[in-house]
Amino acid sequence: MNVNGKHYRTVWMEGSTVFMIDQTLLPFQFKIYEAKTYKDCCYAIKTMITRGAGAIGATAGFAMAQAFMEAPKTGIENFVQKAKKEIEKTRPTARNLFYAVDRVFEAGKISVENAINVAQKMADENIEEARLIGEYGNELIKHGFRIETHCNAGWLGFVDYGSALSPVYIAKEEGKSIFVYVDETRPRSQGARLTAWELKNESIPHAIIPDNAGAYYMSKGEIDMMIVGADRIAANGDVANKIGTLEKAIVAKEYGVPFYVAAPLSTFDMNCYSGAKIEIEQRNEDEVLYQTGPDEQGNLTKILVCNPGSKALNPAFDITPAKYISGIITEKGIVKPDTASIKKLYG
Ligand code: MRU
């Protein structure tokens, strides 16, 4: 996608440096973070400089390749094993992270060059899969549709295009008139900050709505469909995605609003038979208690927005049972969220 007329990927690797759009600064500042070592990439994933399942996967793959480049001539195996564990510990929920690390780790057993090539290939695949998700998802979108989305599953959450927003971008390319309701997505406000920034850049009509307004708009018949992304999908079609997804899905079913999940096959965890088995990341309470924005001079400032001294709880994801999901949009087509259909998709 373009920023100020220049094409960017969310994350890319040149030589041994991994570059990524710093998402902690958006939408107020546009800066590129440079990760010179795999440890820098770990830091970037942990602190959410880069975030979103697809972008985390690409970054983790590059980090694994960096580890092979950094390994000392003697003791390579110990070094890369330790690095692999460190990368895997950065965030627990997004399946793409583990998928990418495993693939590059296996590739690196052949040669360092092979690890680099596979990491680069995976970033290219990430874009192609997102584009195909967009094409399949676009078939569900009619001219004039009002679409609600949660969190950011746009190009910032992938290497390009995104998952949930990719159908929106393709629908726009085809000249369909669409309107997007953007859930603000507290506590980190990925909707209000990142999705809104992406949509504004692409001139797609949208409005940010408070997290608790979805039921109001659905009950008034103002939402034609909802599309969200996924961090991990169990073999039975249960979906882990950003906290708040579950309540939107329940409300959507109540009001007959089709509820779609968009994700590549690399997000499915076929070893996980139900959503109950998915680890939910618990993040720091400060993300709930404080908000960050620019002061009058444009410097980003953190301020307390809750009662001083109160504690906060901050689960980053929830599990939406398959029964609430109308379909999962993948790069191979739209699949019903049940074990048999998902297994068939895997061939
Ligand atoms: O905590 P985040 O911002 O990494 O969470 C992101 C989401 O939950 C997205 O909806 C998900 O990764 C889907 S695709 C980018």
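In this predicted model, the axes of helix H3 (residues 76-88) and helix H4 (residues 95-108) come within 10 Å and cross at roughly 170°. Because angles over 145 degrees count as roughly antiparallel, H3 is roughly antiparallel to H4, and the crossing of the two helices is right-handed. On the H3 side the contact is formed by Val-80, Gln-81, Lys-84, Ile-87 and Glu-88, which meet Leu-97, Phe-98, Val-101, Asp-102 and Phe-105 of H4. Sorted by class, the residues of this contact comprise six nonpolar, one polar and three charged.

Helix H3 also packs against helix H1 (residues 38-46), with axes that come within 10 Å and cross at roughly 10°. H1 and H3 are therefore roughly parallel to each other. From H1 the contact takes Tyr-38, Lys-39 and Cys-42, while H3 contributes Phe-79, Lys-82, Ala-83, Glu-86 and Ile-87; five of the residues in this contact are nonpolar, none is polar and three are charged.

**The seven-stranded sheet**

Seven strands form an open sheet with mixed pairing, in the order E8-E7-E6-E9-E12-E17-E18. Strand E8 (206-209) and strand E18 (333-335) stand at the edges, and since each has a single partner strand, one side of each is left without a neighbour in the sheet. From one strand to the next the twist averages 25°. Within this sheet, strand E9 (residues 225-228) and strand E12 (residues 259-262) run parallel and are joined by three bridges, with Met-226 standing opposite Phe-259 in E12.

Helix H5 (residues 112-138) lies across E12, strand E17 (327-330) and E18, and runs at about 135° to E17. Helix H7 (residues 190-201) packs on the sheet as well, touching strand E6 (146-149), strand E7 (179-183) and E8, and its direction makes about 160° with that of E7.

**The four-stranded sheet**

A further open sheet is made of four strands in the order E13-E10-E11-E16, and here too the pairing is mixed. Its edge strands are strand E13 (268-269) and E16, each of which pairs on one side only. Helix H9 (residues 245-254) packs on this sheet, where it touches E11 and E16, and its direction makes about 30° with that of E16.

Strand E10 (residues 232-234) and strand E11 (residues 239-242) pair in the antiparallel sense over two bridges. Arg-232 has Ala-240 in E11 as its bridge partner, and Ile-233 has Val-239 of E11 as its partner. E10 and E11 form a hairpin with four residues between them, and in the turn Gly-237 has a positive phi of about 90°. E11 is also joined to strand E16 (residues 317-320), again in an antiparallel arrangement, by four bridges, and in this pairing Asn-241 stands opposite Asp-318 in E16.

| Strand pair | Sense | Bridges |
|---|---|---|
| E9 and E12 | parallel | three bridges |
| E10 and E11 | antiparallel | two bridges |
| E11 and E16 | antiparallel | four bridges |

**Backbone features in the loops**

Most residues other than glycine have a negative phi, and most peptide bonds are trans. Against that background, the peptide bond from Leu-26 to Pro-27 is cis, with omega near 5°, and Pro-27 is found in the loop between strand E4 (17-21) and strand E5 (32-35). The peptide bond from Arg-186 to Pro-187 is likewise cis, with omega near 5°, and Pro-187 lies in the loop between E7 and H7. That loop between E7 and H7 also holds Ser-189, whose phi is near 60°, a positive value in a residue other than glycine.

**Domains**

The domain assignment of the protein gives domain 1 (2-130) and domain 2 (139-344). The centres of domain 1 and domain 2, taken over C-alpha atoms, are separated by 23 Å, and the contact between them takes 38 residues from domain 1 and 41 residues from domain 2.

Terms used:
Residues are numbered from 1 along each chain as its sequence is written. This is a predicted model: local features need pLDDT of at least 70, side-chain atom pairs count only at pLDDT 80 or more; totals for chains, interfaces and linings use all residues. Side-chain values use heavy atoms; hydrogens and water are left out. Axes are lines fitted to C-alpha atoms, for helices over the stretch in contact, and angles run from 0 to 180 degrees between N-to-C directions. Angles under 35 degrees count as roughly parallel, over 145 as roughly antiparallel, 65 to 115 as roughly perpendicular and the rest as oblique. A crossing is left-handed if the near helix is turned anticlockwise from the far one by less than a right angle, and right-handed if clockwise. Contact means heavy atoms within 4.5 Å. Ala, Val, Leu, Ile, Met, Phe, Trp, Tyr, Cys and Pro count as nonpolar, Asp, Glu, Lys and Arg as charged, and the others, Gly among them, as polar. Two strands pair if DSSP finds at least two bridges between them. Domain bounds come from an automatic or database domain assignment.
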